[in-house]
Amino acid sequence: MTLKETQTEILNAIKQHQTIIIHRHQRPDPDAIGSQMGLAEILKASFPSKKIYSVGKQYPGFDWLGKTDTIDDDAYKDALVLVLDTANQPRIDDDRYSKGNQLIKIDHHPNDDQFGDPMWVSPEASSTSELVFDLYTAMKPELTCTAEAARLLYAGIVGDTGRFMYPSTSTHTMKVAGELMQFDFSASDVNQKEDEISIPLARLSAYVYENLTILPSGAAYIKLSDEVLEPFKLGDESTSSVVPLPGRIKEVKSWAIFVESKDHTFRIRLRSKGPAINELAKRHGGGGHALASGAVAHDDDEIKQVIKELDALLSKQGE
Ligand code: AMP
């Protein structure tokens, strides 16, 4: 199927359903929320008589990107379910996603878990928000974009490109961002909002720089156990903003941040400026993009093993 045929099929499915429910991934980031809420805004503006819902856990820190809806199971009967920005089914927020009449996946992660019909998966896209804008552009004038939808999609692109810095930022990404900026919203407000951090996170950033281990190969790592995090009093705040920090250090090529979870396993957050690290993540039950992946370490031995594998990957590169 060509891209245009897939996009047309998605639009036809939207037209055929009176209720549309949009899901995203757990522990959302600005692209998960921006693409979800942005598409919801586009659909509400394009089809005012349809019921359009966005579901998933609401995080107060993301209230500025809109609020999710609380819906009954009944709403799924005869509904179209769109799952955005989520590669693997276990990561979908709200497991009622399979209860609708039709399921569609729109995503930019590697297509490791194939679900949905149709599936529109474009790993070369910077973000799912970019894809949602592409859908709008391809299906104009049947779809309408509002200033609020543009703000949300712009926020998603800014988030997933690290402020247009990561290699996923293409000329097309910049074109889309430019077109979004023509709508009536403040791009600089969005940029500022995504850049600002709380005082506890500022202090934690200092801790990360002070305590990061940097190996001669260019591999770097830090363990953020409950014990380490406790004095920072982060509350419900996510540690996401510290994840890109090691990459600013010239000598660091790839890095792992191990964050203790409630069940005392460690969430592994892997990033790289060079060699792909998603195969390493897959070996530990995770996955993701070539340069941004994640997995779970069950104990200290697995943490040590991940560090060893990261070091070996970079040492091999340097040979
Ligand atoms: P994160 O560090 O959580 O922002 O994750 C970066 C990327 O890695 C995400 O966009 C996902 O594609 C992927 N990822 C993270 N955790 C997992 C996991 N446990 N299983 C599969 N993929 C994951």
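Axes are lines fitted to C-alpha atoms, for helices over the stretch in contact, and angles run from 0 to 180 degrees between N-to-C directions. Helices (H or I, at least four residues) and strands (E, at least two) are DSSP runs, numbered from the N terminus. The structure is a predicted model, in which local features need pLDDT of at least 70 and side-chain atom pairs count only at pLDDT 80 or more, while totals for chains, interfaces and linings use all residues. Residues are numbered from 1 along each chain as its sequence is written, and side-chain values use heavy atoms, with hydrogens and water left out.

**Helix packing**

Two packed helices are described by the angle between their axes and the distance between the axes. The table lists two helix pairs.

| Helix pair | Angle between axes | Distance between axes |
|---|---|---|
| Helix 1 (residues 3-16) and helix 3 (residues 128-139) | about 90 degrees | 10 Å |
| Helix 2 (residues 30-46) and helix 4 (residues 147-160) | roughly 160 degrees | within 8 Å |

Helix 1 and helix 3 are therefore roughly perpendicular to each other (65 to 115 degrees). In their contact (heavy atoms within 4.5 Å), Lys4, Gln7, Thr8, Ile10 and Leu11 of helix 1 meet Asp134, Leu135, Ala138 and Met139 of helix 3.

Helix 2 and helix 4 are therefore roughly antiparallel to each other (over 145 degrees). The residues in contact include Gly34, Met37 and Gly38 of helix 2, together with Leu152, Ala155 and Gly156 of helix 4.

Three bridges link strand 4 (residues 102-107) to strand 5 in the parallel sense, and Ile106 has Trp120 of strand 5 as its bridge partner.

Another open sheet has six strands in the order 6-7-8-9-11-10, and its pairing is mixed. Strand 6 (213-214) and strand 10 (287-288) are the edge strands. Helix 7 (residues 199-211) packs on the sheet and touches strand 6 and strand 7 (219-224), its direction making about 130 degrees with that of strand 7. Strand 9 (residues 266-272) and strand 11 (residues 292-297) run antiparallel and are joined by six bridges. Phe266 stands opposite Ala297 in strand 11.

Key:
Pairing = 2+ DSSP bridges. Parallel < 35°, antiparallel > 145°, perpendicular 65-115°, else oblique.
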